[in-house]
Amino acid sequence: MSNVYENLTWLPELPKNYNERIKNVSCGVELLQLSQYRLDDNKLKKIYNKLQKLIIEKKDLTPLTQSTLGLISNANTKLIVPSLIGTAVRHGLQLTVIEVDFNKIDEEIFNEKSNFDGYKIQTILIAIDYRGLPLNPKPGDQIHGEENIKQCVEYLKNITNSIIKKTKAQIILQNIAPPVESIFGSYERILPGTINWLCSKINLEIDKLNSNEIMVLDIKGLASNIGLNNWHDPTIWNLAKISFSQKYTPMYSEYICRILGVKNGKSRRCLILDLDNTLWGGVIGDDGIEGINIGNGDATGEAYVAIQKLAMQLHDRGIVLAISSKNEDHIAREPFKNHPDMILREKHIAVFQANWKDKASNIRAIAESLSLGLESIVFLDDNPAERMQIRKELPQIAVPELPSDPALYPRQLMIAGYFEAIAFSEEDSKRANFYQDNAKRIKILNESSDMESYLNSLEMEAQFKKFDHIGRSRIAQLISKSNQFNLTTKRYTELEIAEIEKDENYYTRQIRLKDILGDNGMISVVICLKKEKIWEIDTWLMSCRVLGRRVEEIVLQDIIKNAQLEGVTKIIGKYIPTKKNVIVKDHYEKLGFNKRYGDEIKEIWELELKNFVFMPLPIKINYAI
Amino acid sequence: MQERKTLEKLKKIFNEVFDNEEIIISEETSAQQIDEWDSLSNIRLFVTIEKEFGIKFSAHEIAELKNVGEMEKLINIKIRK
């Protein structure tokens, strides 16, 4: 997990032409967008360089807010500054940093004038590490130890008080990450007067300094999470008086800029959650309430319990929860109503959007109905394609990347730090209720207009293949499991499929879909029965993961193309309604079929091929042998 | 073969660290020939090399290196270990 801190893995990976794109940036909006990736120190420096250039060229920097940070440290902070300024862009800030040279701390304390005079500084970061304190360990000597704690805390107080008096700025005061090298091992913590003992007591005293003017920044917590052994780098200290490993500069900068962001009113207040494979394992529409995985007793089920518990804790903290899921509304709500192991219930959800419209439209509608700006929303979804669509269409929304293991979702979401707080009041805890958690459903007024460009950007490639022995077991699995996007819900065993595979009277298709985000695997299966000049679609099913991607259209085009080669003039499709396949009720109508017959048990649809027009689609076809 | 690869990678690192695509390095290249190569960016350079190659330098090693050729040699020794 240490690479989360090193590589900021909740942010999306860099696009290939990143350096090129950054060169072409000409305004604040574009720079803000390019700052939302996994940037290392060098890339942050590029953002910094570009920002300076845009400032000189007097380019439009909205929506960035100007902010000035003073920086005083016993260490060399010159390398950190570009990272800080680059990271601040990610948090919507155009930051200026004023450094005080590291040998000028005493001067800052005792002179009437401040090194910060002449600047309009809102916030000053005091970054003193253990080497900057007058620490004087004498193991075993409690009295001397207590005295030394006072000395160290006095020193920090002198700096903060003097700065507050002279500048009226808000202070961010770091606490102390203790050194790795403990002389007594585990006992060091207990033994008065050791450096570890001193550091932990000093940190308790630093906590007491937290006030309206001073905010304590838990660098000890950050360093511990990273591992003190990774955090402290004696080589770089000796070489350049840099106080921690440069690998963590981007993360450290995040920590600082999150606070600055919150101080500038840029905080996230709403978490929108996907359902299938995000709040529970499995697909509710296919697997049913008894088939989804949630609850103790199963390792995966427990992972989803942990995610729901986390969402619940956020709810209790005042973060508004909402749902956006591609599902039938009543099916999606069922676990919330009736599943015994669910932590979240409808009463915890402010808006509940389960439908088949695109998520960008749904999220926009949620934001509007809650009167929240898009920049206060976080969206959690296991599906990389949904994440990409939201990032593309609604760039103000925070969309964390997720690892493949759901057990790691809670950590990933929280390390991303979207819900950073600098205070907590009773009002905060009640805020979620203010939004009336009644799981309301809202109508979408205007649907996303940009679907086409999104679909094109996915660079989809569909592979069409006849049934074969390699695909057989996956085909059988899809046929026995798919309930939602399944026109006839006919079940075949693997043996029966092997028969169909060989039978000349059937036209069969297994369809796989690749896109820019990876391989989706087999996502659709079709079986047609050939009857002279007419083909009858016996089975047509598709994974709901690729819904809204126009896959069904490309599948139909494939069927028609091949049917025409055999002189077929008409295709017949059947829809057999079940409790779960409402989603394909209008399937044939949308594809241009005409209804020939319909009652409650079945519908028969027809398509004359002579008038069929092959429209261009955003999916490339790859016919495998 | 390995040597060639290391120099190739180093070139990319130089372009990235100094934010300049035009920098061309050879084994004789030293800090004097690259304007952006000062003591601060030197730290950034070594941190990036350490990360890219998964190695670690001592302060002494960093101080002793005279040019890119020596850097390359040292990296190759370290990655073979």
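# Chain B, then a sheet in chain A

Colleague: In what order do the elements of chain B run from the N terminus?

Modeller: From the N terminus on, they run α-α-α-α. That comes to 4 helices and 0 strands, both taken as DSSP runs numbered from the N terminus (helices: H or I, at least four residues; strands: E, at least two). This is a predicted model, where local features need pLDDT of at least 70 and side-chain atom pairs count only at pLDDT 80 or more, while totals for chains, interfaces and linings use all residues. Residues are numbered from 1 along each chain as written, chains are lettered from A and ligands numbered from 1 in written order, and side-chain values use heavy atoms, without hydrogens and water.

Colleague: What box do the C-alpha atoms of chain B fill?

Modeller: Roughly 35 × 30 × 20 Å, taken along the principal axes.

Colleague: And how many of its residues are buried?

Modeller: Buried residues make up 46% of the 81 in chain B; buried means under 20% relative accessible area with a 1.4 Å probe, protein chains only.

Colleague: Switching to chain A. What is the strand order in the open sheet?

Modeller: The order is 8-7-6-9, 4 strands with parallel pairing. Two strands pair if DSSP finds at least two bridges between them.

Colleague: Which strands stand at the edges?

Modeller: Strand 8 (351–355) and strand 9 (377–380) of chain A; each has a single partner strand, so one side of each lacks a neighbour in the sheet. Neighbouring strands are turned by 15° against each other on average, direction ignored. The angles are between axes fitted to C-alpha atoms.

Colleague: How many bridges join strand 9 to strand 6?

Modeller: In chain A, 4 bridges join strand 9 to strand 6 (residues 270–273), and the two run parallel. Among the partners, Cys270(A) goes with Ile377(A), and Leu273(A) with Leu380(A).

Colleague: Are the faces of strand 9 covered or open?

Modeller: Both are covered in chain A: Ile377(A) and Phe379(A) are buried on one side, Val378(A) and Leu380(A) on the other. In a regular strand the side chains alternate between the two faces of the sheet.

Terms used:
Axes are lines fitted to C-alpha atoms, for helices over the stretch in contact, and angles run from 0 to 180 degrees between N-to-C directions. Buried means under 20% relative accessible area, exposed over 50%, partly exposed in between (1.4 Å probe, protein chains only).
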